[in-house]
Amino acid sequence: MFNFNVEKKSNSDIFDQVKKWDLLIIGGGPAGLNAGLYAKRKGLVVGIIAKEIGGQLHNTTTVDNYLGFNMIEGKDLSNTFLDHINQLDVPILSGTNVKAITNIKPDFQIETENGKKLISKTVLMATGGMPRKLGIPGEDKFANKGITYCATCDAPFFKDKEVIVAGGGNSAVEGVLDLVPWAKKITLVHRSQFRADEILLKKLETIDKLTIHLQTQILAILGDELVTGIQVLNKKTNKKHIINTDGLLIEIGTVPNSYLIKDLVKTNQKDEVIVDNNQMTSLLGMFASGDITEQPFKQIIIATAEGAKAALAVNQYLNQNYKGE
Amino acid sequence: MAKLLNEDATKQIKEVLQGMVNKVTMIVFTKKGKCNTCKETKQLLQEVKPLNDKINVLEKDLEDDLDEAKKYNVTLAPTIIILDKDDKYQGLKFTGIPAGHEINSFLSAILTMSGKNIEIDDKTIEKIKNIDKAVDIKVFITLSCPHCPGAVATSHALAYLNDNVEATMIEAQTFMDLAREYKVSGVPKIVINDKYEIVGNQPIDAYLKEIEKL
């Protein structure tokens with residue numbers, strides 16, 4: 001009846017003892033955890049700093065496209081990763097955010113919210129992304145008043161209610177599936193055609209309480225104290241109309257968590273970090289992997305692989321190009 | 001009765017509780033008749049108790065032990081409060097079962113009340129200690145929310161460090177009417193003195209900013 005998702009802790013006392021790290025990884029999602037594994041295996045003095053271990057895996061109910069697992073819950077995949085790197089004693093400082101990163105050439109100083117100041121020869125940014133907003137009238141006003149960006153967290157509030165899901169990618173389709181046990185009626189609204197995997201789309205065909213509006217753009221979120229509806233533009237007929245609803249789940253992708261290093265490295269127009277073939281940013285010694293980078297396919301397995309690539313490249317950089325002591 | 005904690009969870013919880021410094025006493029308030037998750041909450045505490053000999057558990061009834069309930073400002077069942085080694089209540093409260101992801105904030109509260117050091121910088125601790133008004137923090141959560149334990153732990157840290165602050169985790173699915181009253185549709189939702197709101201697992205400075213407005 002009840003699950004108990006105990007977060008596996010690792011020893012964080014070492015963060016008060018190490019004078020200079022070879023590599024500090026910011027972020028505890030797939031990219032950061034795999035980088036920790038690869039760096040430790042290379043013998044680097046490596047640590048991970050993350051507010052929450054698992055990253056966006058925790059916002060995903062089921063993962064069914066990670067090789068080796070037919071179907072696994074996001075939190076279980078995260079725990080599987082964590083179990084693996086805990087076996088190698090990779091130190092993790094969890095529960096705190098990084099407040100600032102300063103380049104003190106050739107090293108970096110990392111300041112955490114809980115007051116630690118750490119020095120590292122290299123940094124890997126693996127901070128992933130956060131939910132992208134629609135950027136339309138009513139979105140800020142009704143945040144948490146009927147609007148949600150996390151189906152796994154908030155689905156119980158839509159018990160026996162009507163809910164609209166905005167988006168047409170895998171996350172939006174998974175959001176629909178998360179809402180099925182709770183909502184009375186679900187309407188999926190997307191401005192163009194589906195981008196989700198065919199295998200997921202097939203699952204939608206059997207949901208009787210689902211209505212789908214493609215080529216339909218959401219123009220505004222309406223309501224009084226709480227959300228009561230959305231105004232949409234049907235792009236085929238060019239006509240506007242209102243769809244009533246009790247809630248709105250927005251699943252239209254992510255924006256990169258690059259704000260900490262925006263002034264330090266080159267980013268593209270979407271604020272995604274630009275990296276070279278070795279995951280190095282425009283700043284010597286600073287690397288980036290996963291959804292924070294400009295690579296277009298935001299997938300767990302790609303983030304994981306980029307984490308490995310960065311750790312190996314860090315090792316090479318420290319052996320061949322690092323100018324400090 | 002089937003156990004709530006499986007072998008793996010029991011082992012992990014036992015490991016975490018090895019970090020306890022001093023003894024704690026947990027009081028669980030339940031009530032007779034219809035009481036959603038009361039039985040399970042009591043059972044959870046009975047299963048956690050043998051995992052560390054520094055844990056003491058007392059069971060109380062919301063009506064039969066009214067004076068005790070009033071003393072700790074408990075009005076809903078189930079509610080768990082945690083007392084320190086000197087049986088002092090510092091405002092750390094759980095209304096509803098801390099299962100799912102929330103087991104982590106529950107373990108964190110036990111460790112904190114046992115005297116384990118909270119990792120907050122000195123400047124922030126000073127700010128927290130200077131709070132001189134009564135502050136009531138409600139943290140609405142769901143058991144499937146991975147971002148919620150962090151928000152509960154932050155509000156509990158504020159309560160632990162200042163006697164004027166009381167912080168209550170509220171499990172929204174069991175107390176859905178209360179959640180609707182506070183217009184909760186996303187969690188974690190933090191309500192301060194029924195007046196100011198924060199959404200999400202925010203840093204402690206965000207709480208202090210709202211508290212300053214009181």
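Predicted model: local features only at pLDDT ≥ 70, side-chain atom pairs only at ≥ 80, totals over all residues.

Visitor: OK. How many residues of chain A and chain B are in contact?

Guide: On the chain A side, 35 residues, and they meet 42 residues of chain B.

Visitor: How is the size of an interface often given?

Guide: Often as the accessible area lost when the parts come together. Here chain A and chain B bury about 3100 Å² between them. Carbon and sulfur atoms hold 57% of that.

Visitor: Which residues in chain A lose the most area to chain B?

Guide: F4(A), N144(A) and F157(A). Together they make up 25% of what the chain A side buries.

Visitor: And how many salt bridges are there between chain A and chain B?

Guide: Two. In one salt bridge, the side chain of K116(A) meets that of E119(B), at 3.3 Å from N to O.

Visitor: How many residue pairs are in polar contact between chain A and chain B?

Guide: The count is 18, with both residues at pLDDT 80 or more.

Visitor: Which elements of chain A give two or more residues to that side?

Guide: Strand 10 (147–148) and helix 3 (151–154) of chain A. Helix 3 of chain A gives the most, with three residues.

Visitor: Switching topic. What about the sheet in chain B, how many strands form it?

Guide: Eight. The sheet is open, its order is 2-1-3-4-6-5-7-8, and the pairing is mixed.

Visitor: Which are the edge strands?

Guide: Strand 2 (55–61) and strand 8 (196–199) of chain B, as each pairs on one side only. Neighbouring strands of this sheet are turned by 20° against each other on average, direction ignored.

Visitor: In which sense do strand 5 and strand 7 of chain B pair?

Guide: Antiparallel, over four bridges. F140(B) has K189(B), in strand 7 of chain B, as its bridge partner.

Visitor: What does helix 2 of chain B touch on the sheet?

Guide: Helix 2 (residues 38–48) of chain B packs on strand 1 (24–30), strand 2 and strand 3 (79–83) of chain B. The direction of helix 2 makes about 160° with that of strand 1 of chain B.

Visitor: Back to chain A. What do strand 6 and strand 7 of chain A form?

Guide: A hairpin, with two residues between the strands. Strand 6 (residues 98–104) and strand 7 (residues 107–112) of chain A pair in the antiparallel sense over six bridges. T102(A) has Q109(A) as its bridge partner in strand 7 of chain A.

Note on methods. Residues numbered from 1 in each chain as written. Chains lettered and ligands numbered in written order. Heavy atoms only, no water. Contact = heavy atoms within 4.5 Å. Buried area = accessible area lost by both parts, 1.4 Å probe. Salt bridge = Lys/Arg side-chain N within 4 Å of Asp/Glu carboxyl O. Polar contact = N/O pair within 3.5 Å; in protein donor to acceptor, adjacent residues only side chain to side chain. Pairing = 2+ DSSP bridges. Axes fitted to C-alpha atoms, helices over the stretch in contact; angles between N-to-C directions.
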